Amino acid sequence: MLLAIGSSMIALSFNLFFYPNQLASGGVTGISIIVQKLFGVEPAFTQWGLNIPLFLIGVLLLGRNFGIKTAIGSVLLPLLVLVTRNVPSLTSNVLLASIYGGILLGVGIGLVYRGRGSTGGFSVAAQVLHKYTGIGFGLCVALLDGAVIVAAGIFISPENAMYALIGLFVTSKTINVVQLGLSYSKVAFIISEAAEDIREVILYELDRGLTKLHATGGYTGEARTVLMVVVGQTEVTRLKELVRAVDPGAFVILSDTNEVLGEGFKIAGQA
């Protein structure tokens, strides 16, 4: 279901925003816009013509690890692009199209990923490139998408290529939101001579669990206790106040964490 819904949203983002405004923001869909511009070929046909061979190459070179969902996605997405091709565009403003198209595309891809599916295309090509070159998978995707945007700058227009980069950026951020959610927690690492006192105030005044990590000081070589605690955004100030009250000289490291599973946070089955 998530694969079907996500593919529908990707197809709509293509026909509502990207295709009417000639925004080739990477991927097989971006190539199909360039091919249509040069040769007048229906975008869905180009997408089928690339997706299906890429899937078969992936199976041949990487094994049967793509699964039935990737095979379905490789065929389903171009079909939905074809079915929705007559949907009227919502805007002729290229900037708005890149932003809202990027959001809708990101939501669609995020839903496909949450359903553990794939629409094939460049994700398969990137895996092949990653395996045979050793380049990181994320960098492979960026290189392939970048090549499409450069081609769009040559064959469509440099300005449209720059707008396509905006769409690509918005898409990547939206995918993260769909997969990880908007809520951010904080993970704190606390190093202090009064670790036991800080442990007690966190447990009984902040009402949060924590973990004691055994470490060794890099300069002194002495054994240290590091307290690790995860708190919600609203608890950060209270945590700092409690630690400061116990030991003003405590060393505290705070960093964002996108997803926390377990008691007091998300239940693993609902992630």
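Visitor: How many salt bridges does a search of the whole structure find?
Guide: The search finds six salt bridges, a salt bridge being a side-chain nitrogen of Lys or Arg within 4 Å of a carboxyl oxygen of Asp or Glu. This is a predicted model, in which local features need pLDDT of at least 70 and side-chain atom pairs count only at pLDDT 80 or more, while totals for chains, interfaces and linings use all residues. Residues are numbered from 1 along each chain as its sequence is written, and side-chain values use heavy atoms, with hydrogens and water left out.

Visitor: Which residue pairs up with Glu 193?
Guide: Glu 193 forms a salt bridge with Arg 224, and their closest N and O atoms are 2.8 Å apart.

Visitor: And what does that pair tie together?
Guide: Glu 193 sits in the loop between β1 (185-191) and α9 (195-204) and Arg 224 in strand β3 (residues 223-232), so the pair ties together parts that are 31 residues apart in sequence. Helices (H or I, at least four residues) and strands (E, at least two) are DSSP runs, numbered from the N terminus.

Visitor: New topic: what domains are there?
Guide: The assignment gives domain 1 (1-180) and domain 2 (185-256), with bounds that come from an automatic or database domain assignment. The C-alpha centres of domain 1 and domain 2 lie 44 Å apart.

Visitor: Which residues make the nonpolar surface patch?
Guide: Leu 38, Phe 39, Val 41, Phe 45, Val 150, Ile 154 and Phe 155 make a patch of about 720 Å². Patch residues have over 30% relative accessible area and no salt bridge, with like charges joined within 9 Å and nonpolar side chains (Val, Leu, Ile, Met, Phe, Trp, Tyr) within 5 Å; the areas come from the Shrake-Rupley method with a 1.4 Å probe, and for residues only the protein chains shown count as cover.

Visitor: Which helix gives the most to that patch?
Guide: Helix α7 gives the most to the nonpolar patch, with three residues, and α2 and α7 each supply at least two. Leu 38, for its part, has its place in helix α2.
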